[in-house]
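Please take a moment with the sequence and the model before reading on. The paragraphs below go through the strands, then the charged side chains, and end with some points of backbone geometry.

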Amino acid sequence: MSEPVYLDYNATTPIDERVLEHMLPFLKNNFGNAASSTHQHGWIAKQAVDDARRQVASLIGAEESEIIFTSGSTEAINLSIKGVYEIYKNKGNHIVTVKTEHKAVLDTCEYLAKKGAEITYLDVDAEGLIDLQQLESCITDKTIVVAVMYANNETGVIQPIEEIAQIVHAKNSIFFCDATQAIGKADVDVLESGIDLLCLSAHKLYGPKGVGALYVRRKNPRVTLSPLIHGGGHEKGLRSGTLNVPGIVALGKACELAKKETWDNNTNISKLRAYLEHQLLDIPGMRINGSTRSRLYNTSNICFSGLPIAIGTAAKLIAEWSRHFSVASGSACTSAIPEPSHVLQAMGLSEADSYASVRFSFGKYNTQEETEQVVKIIKGTLL
Ligand code: PLP
């Protein structure tokens with residue numbers, strides 16, 4: 001039996017062969033500790049980490065000194081929001097975020113709420129976009145951070161990042177942006193867009209799992225954070241612990257490739273997505289969830305709303321399709337009983353429509369032939 005077609009690139013990406021090749025020596029001969037300053041093994045590791053820091057910074061328009069390596073976006077999100085909360089206590093305890101953020105942001109906010117933080121959860125409209133007026137009016141002189149993601153992992157919807165940054169800065173607050181899904185797909189530049197804190201993760205851009213980075217702005221304004229992890233003072237004291245040199249080197253390479261190749265990938269991938277959506281329009285009641293004007297080029301969240309769908313039917317279809325292709329459901333299957341997606345519900349979808357939604361996310365290894373196969377199977381099941 002042939003391998004199922006992979007259409008779940010927003011969950012994770014396969015590692016690029018060139019990234020793997022670049023990383024392997026650091027799992028073998030170049031095993032040194034980047035903090036060992038007395039010998040060549042350490043110097044080689046340190047040089048490789050410095051190079052990777054430059055590659056990550058260069059992809060997002062930052063300075064090398066503004067990059068902190070982490071275990072991924074979840075850690076970077078925790079470090080940002082908890083780190084700001086701890087340091088800016090004297091200013092206030094108010095945090096603003098959005099109902100459609102990733103659970104890493106929402107759960108961190110919920111945790112801080114139990115510690116005394118006041119959280120405002122912004123609504124989104126039917127397209128998944130926030131209302132800038134609502135944002136502006138809820139920021140007070142007690143607002144220490146505003147956390148809005150660049151692009152949503154379920155729908156691909158891209159928020160108006162520059163406008164958000166302007167509003168946040170005009171009110172003297174800090175803008176944290178979860179760019180996990182946008183990096184390598186959208187042209188993200190922290191200076192141009194006015195982002196103060198940004199997280200990214202290697203496994204969403206053809207690197208390995210378990211490594212990521214946090215950008216921390218050093219000037220205009222300088223952002224200060226309190227660390228989550230103490231001991232050793234690595235990463236300017238913000239993230240202690242022996243550096244994951246192979247992972248960091250791989251992240252650097254993945255960023256270098258993303259910078260060079262994003263445009264080529266975009267055009268091919270957006271054609272595949274357009275083909276899929278166009279073909280599936282024949283299915284009665286098929287609808288795209290989220291803005292089609294402001295969306296990542298690889299993501300398609302489709303509601304098969306015309307079908308007589310009972311709760312869980314999309315999940316059953318996905319299970320049936322999984323022999324042929326891999327996609328994600330519009331429900332969070334983190335618990336035994338699948339819950340309807342909090343993202344789709346915030347956009348106003350009914351519970352039944354959330355359960356009838358499927359996320360297709362394409363990547364650079366997908367082909368037209370694969371997409372045609374997938375369309376054929378879906379139509380065979382649903383028409
Ligand atoms: N934020 C978004 C938008 C994501 O899509 C993910 C991963 O799915 C994360 C955060 C968490 O990233 P990581 O797996 O690196 O912890």
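Two strands are taken to pair if DSSP finds at least two bridges between them, and the strands themselves are DSSP runs of at least two residues, numbered from the N terminus. The model to which this is applied here is a predicted one. Strand 5, residues 143–147, runs parallel to strand 6 and is joined to strand 6 by three bridges.

How much of strand 6 is buried? Five of the five residues of this strand, which covers residues 174–178, are buried, so strand 6 is largely enclosed by the rest of the structure. Buried here means a relative accessible area under 20%.

Which strands pair with strand 8 in the antiparallel sense? One of them is strand 2, residues 67–70, which pairs with strand 8 over four bridges, and within this pairing Ile67 has Tyr215 as its bridge partner. Another is strand 7, residues 197–201, which runs antiparallel to strand 8 and is joined to it by five bridges, with Leu197 having Val216 as its bridge partner.

The charged side chains come next. A salt bridge is counted where a side-chain nitrogen of Lys or Arg lies within 4 Å of a carboxyl oxygen of Asp or Glu, and by this rule the count comes to 18 salt bridges. One of these is formed by Arg359 and Asp8, whose closest N and O atoms are 2.8 Å apart. This pair links distant parts of the chain, since Arg359 belongs to strand 15 (residues 357–361) and Asp8 to the loop between strand 1 (5–6) and helix 1 (17–23), 351 residues apart. Both Arg359 and Asp8 are buried.

The salt bridge between Arg293 and Glu127 has its closest N and O atoms 2.3 Å apart. Because Arg293 lies in the loop between strand 9 (286–288) and strand 10 (299–304), while Glu127 lies in the loop between strand 4 (118–122) and helix 5 (132–138), the pair ties together parts that are 166 residues apart in sequence. Arg293 is exposed, with a relative accessible area of 63%, whereas Glu127 is partly exposed, with a relative accessible area of 27%.

Arg54 and Asp51 also form a salt bridge, in which the closest N and O atoms are 3.2 Å apart. These two residues are three residues apart in helix 2 (residues 40–60), so they are separated by about one helical turn. Arg54 counts as partly exposed at 40% relative accessibility, and Asp51 also counts as partly exposed, at 29%. Elsewhere, Asp16, Arg18, Glu261 and Lys364 are linked in a network of salt bridges.

The backbone geometry remains. Most residues other than glycine have a negative phi, and most peptide bonds are trans. Where does a cis peptide bond occur? Such a bond joins Asn220 and Pro221, with omega at about -5 degrees, and Pro221 is placed in the loop between strand 8 and helix 8 (245–280). Lys236 is placed in the loop between strand 8 and helix 8 as well, and although Lys236 is not a glycine, this residue has a positive phi of about 60 degrees. Tyr206, likewise not a glycine, has a positive phi of about 70 degrees. The place of Tyr206 is in the loop between strand 7 and strand 8, and at 13% relative accessibility Tyr206 counts as buried.

Methods. Residues are numbered from 1 along each chain as its sequence is written. This is a predicted model: local features need pLDDT of at least 70, side-chain atom pairs count only at pLDDT 80 or more; totals for chains, interfaces and linings use all residues. Side-chain values use heavy atoms; hydrogens and water are left out. Buried means under 20% relative accessible area, exposed over 50%, partly exposed in between (1.4 Å probe, protein chains only).
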